[in-house]
Amino acid sequence: AAFRQELVLLLIVVPTSFALEISRLEQVMLVLSVVFILFTEIINTAIETVVDRIGLEINPLSGLAKDLGSAAVSVSLLLTLCTWGLILL
């Protein structure tokens, strides 16, 4: 579900980046920042799938792996917000 939402975000920001009066480098930075969100979401899903495949019992290391994957997605979202904010301001 999160990946689909982020994919919709990408489909919105790509045309938006063309409509803005910014340089090509800035445009590429805006689009790549959203692609980076998709990338980290894929990695996060892979981590969660592997952890679940190993076992569904509660384990602190499994929880840590899932938390760190989610943190990576959060950092990528923050990076995208900062990139868009700095370029648009």
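These legends describe close-up views of a predicted model.

View 1. Phe3, Leu7, Leu11, Phe36, Phe39, Ile42, Ile43 and Leu79 form a nonpolar surface patch of about 720 Å². Two helices, α1 (2-19) and α2 (24-54), each contribute at least two of the patch residues. The largest share is that of α2, with 4 residues.

**View 2. Leucine 7 in the patch.** Leucine 7 lies in helix α1 and is one of the residues that make the nonpolar patch. Its relative accessibility is 34%, so leucine 7 counts as partly exposed. The partly exposed class runs between the buried limit, under 20%, and the exposed limit, over 50%.

**View 3. Helix α2 from end to end.** Helix α2 has 31 residues.

**View 4. The buried side of the contacts of α2.** Buried residues of α2 are Gln27, Leu30, Ser33, Val34, Ile37, Leu38, Thr40, Glu41, Asn44 and Val51. They pack against α1 and α3 (60-88). An α-helix has 3.6 residues a turn, so residues three or four places apart point the same way. Helix α2 also supplies 4 residues to the nonpolar patch.

**View 5. Leucine 68 in helix α3.** Leucine 68 sits in helix α3. Its relative accessibility is 53%, so leucine 68 counts as exposed. Isoleucine 22 is 46 residues from leucine 68 in sequence. In space, the two are 34 Å apart, C-alpha to C-alpha.

Note on methods. Residues are numbered from 1 along each chain as its sequence is written. This is a predicted model: local features need pLDDT of at least 70, side-chain atom pairs count only at pLDDT 80 or more; totals for chains, interfaces and linings use all residues. Side-chain values use heavy atoms; hydrogens and water are left out. Patches are made of residues with over 30% relative accessible area and no salt bridge: like charges are joined within 9 Å, nonpolar side chains (Val, Leu, Ile, Met, Phe, Trp, Tyr) within 5 Å. Accessible areas come from the Shrake-Rupley method with a 1.4 Å probe; for residues, only the protein chains shown count as cover. A salt bridge is a side-chain nitrogen of Lys or Arg within 4 Å of a carboxyl oxygen of Asp or Glu. Buried means under 20% relative accessible area, exposed over 50%, partly exposed in between (1.4 Å probe, protein chains only). The expected span of a helix is 1.5 Å times one less than its number of residues. Contact means heavy atoms within 4.5 Å.
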